[in-house]
Amino acid sequence: MVVNSFPKGFLWGGAVAAHQLEGGWQEGGKGVSVADVMTAGEHGVPRQITKGVIPGKNYPNHDAIDFYGHYKEDIALFAEMGFKCFRTSIAWTRIFPNGDETKPNEDGLKFYDDLFAECHKYGIEPVVTLAHFEMPWHLVEKYNGFGSRETIDFFVRFATTCFERYKDSVKYWMTFNEIDNQASFNNDFAMATNSGLLLDENSDNEAEMYQAAHYELVASALAVKEGKKINPNFMIGAMINYTPAYPASSDPADILLAQRVNQRRFWFSDVQAWGEYPKGVEAYLNQKGFRPDITTEDKIVLKEGTVDYIGFSYYQSMTVSAKNGDTDHLSTPDKMIVENSYLETSDWGWSIDPIGLRYGLNNLTDRYHLPLFIVENGLGAVDQVEADGSIHDPYRVDYLRKHLEEVKKAVTLDGVDLMGYTPWGCIDLVSASTGQMSKRYGFIYVDKDDEGQGTLARSRKDSFYWYQKVIKTNGADLK
Ligand code: BG6
């Protein structure tokens with residue numbers, strides 16, 4: 001008999017990140033984060049990372065959707081949809097405004113006490129990312145982010161402070177959001193948001209990335225180790241951006257290239273799950289003559305601090321062709337990416353590939369033998385508000401339904417151990433890559449535009465009611 005629904009206790013919910021919705025960038029003693037120095041961009045126009053906050057520039061994360069002031073109202077709406085969990089992050093700069101203080105900021109800690117208490121009021125389990133693109137800007141300026149070994153201690157202090165404070169209110173944690181993004185080491189957004197490195201044309205950014213990523217992985221492992229001492233029941237996961245690479249054809253050269261591109265992104269979670277570097281990365285570092293500072297002590301820590309589960313975001317797949325690529329070089333694949341004629345794309349050019357999610361769930365299960373958690377998935381789209389205030393978003397329902405159909409197959413037919421599903425941006429928020437409000441993912445509409453104008457009023461889209469039904473039936477009814 002084929003089971004039609006998801007496992008009992010499946011964590012249905014939604015996902016956000018502090019900097020993309022909280023606003024209140026100077027409330028309660030908060031410091032300036034990387035996200036606070038990112039200007040607004042748009043599709044095809046990258047956000048700038050300015051050297052500090054420059055008066056007169058538009059920094060959309062400063063006010064975002066003011067979740068800081070609206071969280072009770074918003075969580076009540078999540079509860080109305082039936083959420084079992086809510087994924088958010090803790091803004092590092094609310095707890096340690098500069099990052100290198102020894103004492104945390106009580107006002108910041110208190111905000112998350114209240115937020116998590118509000119979740120529990122409705123039986124909603126918080127799922128918390130420690131660092132979601134929110135490193136204190138001071139650490140970037142003074143220490144070159146994770147380019148410096150000292151930043152490991154700053155992160156671990158932040159992590160243990162959170163673990164201690166919220167040990168009875170948060171069970172599910174992740175250390176770093178999409179830690180593998182920095183595989184694109186020539187992309188300044190990925191580098192700054194992952195490890196606080198600013199690109200410098202006079203240095204070898206790739207070598208710097210390997211060093212910073214190593215320190216970040218050690219910081220992650222130490223946090224896992226310390227977290228388990230504080231509460232052995234914690235579930236602490238990795239979090240990767242999973243974008244599978246497909247070969248453009250059955251040409252073995254394409255197949256080998258796709259394998260190499262996948263390895264190039266997987267190595268971060270390989271270290272977090274296995275506690276050691278994959279052979280291919282070690283060989284590559286040798287080939288390139290990179291000599292990152294990796295100590296024997298670090299290697300022990302990596303082994304001792306492996307993760308309990310693999311959290312991942314899934315939005316799209318990519319297709320690569322060896323015609324433009326160098327298979328033996330683990331460098332950025334941008335020029336190797338080709339169009340996939342089987343897939344449509346979103347208005348922002350992201351491919352739409354539900355089957356890729358089933359493929360990914362199987363792939364990750366085979367690779368890691370760990371429970372999985374889909375902590376982001378969704379469609380960024382422009383929504384239209386009708387004269388009567390309603391918002392019809394069948395495209396969003398269609399996207400999510402098709403993905404959930406594939407997820408259901410992975411769980412019920414393929415035996416994938418999946419903890420939960422938290423679609424991205426369950427309430428409209430500031431886009432990470434473009435800084436736009438108009439790239440909307442939410443079930444809940446927020447009245448605010450790209451220029452920062454609007455009442456901030458919340459309203460339910462059609463997808464709100466659809467997701468409510470999905471949760472109510474534990475995924476049996478996806479129609
Ligand atoms: C993920 C990030 O990469 O994708 C989120 O973890 C981000 O922070 C999401 O918002 C969607 O990307 P974007 O650029 O459309 O906001």
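Two strands are said to pair if DSSP finds at least two bridges between them. Strands here are DSSP runs of E with at least two residues, helices are runs of H or I with at least four, and both are numbered from the N terminus.

Good morning, colleagues. The structure above is a predicted model, in which local features need pLDDT of at least 70 and side-chain atom pairs count only at pLDDT 80 or more, while totals for chains, interfaces and linings use all residues. Residues are numbered from 1 along each chain as its sequence is written, and side-chain values use heavy atoms, with hydrogens and water left out.

Let me begin with the strands. Eight strands form a closed barrel in the order β1-β2-β3-β4-β5-β7-β12-β13, with parallel pairing. In this sheet, neighbouring strands are turned against each other by 30° on average, direction ignored. One of the pairings joins strand β3, residues 125-131, to strand β4, residues 172-176, in the parallel sense over 4 bridges. Which residue of β4 does A131 stand opposite? The residue is F176.

For the angles, axes are lines fitted to C-alpha atoms, for helices over the stretch in contact, and the values run from 0 to 180 degrees between N-to-C directions; contact means heavy atoms within 4.5 Å. Helix α6, residues 150-165, lies across β3, β4 and β5 and runs at about 165° to β3. Helix α9, residues 252-274, lies across β4, β5 and β7, and its angle to β5 is about 170°.

I turn now to the aromatic rings. Rings of Phe, Tyr and Trp (its six-membered ring) pair if their centres lie within 6.5 Å; planes under 30 degrees apart count as stacked, over 60 as edge-to-face and the rest as tilted. The whole structure contains 42 aromatic pairs. In one of them, the ring centres of Y112 and F116 are 6.1 Å apart and the planes stand at 35°, so this pair is tilted. Both residues belong to helix α4, residues 106-121, where they are 4 residues apart, about one turn of the helix. Y112 is buried at 0% relative accessible area (buried means under 20%, exposed over 50%, partly exposed in between, with a 1.4 Å probe and protein chains only), and F116 is buried at 1%. For W267 and F268, the centres are 4.2 Å apart and the planes at 25°, so that pair is stacked.

Finally, a charge sits over a ring if NZ of Lys or CZ of Arg is within 6 Å of the ring centre and within 35 degrees of the ring normal. R94 has its charged end over the ring of F111, 5.5 Å from the centre. K439 is placed likewise over W350, at 3.8 Å.
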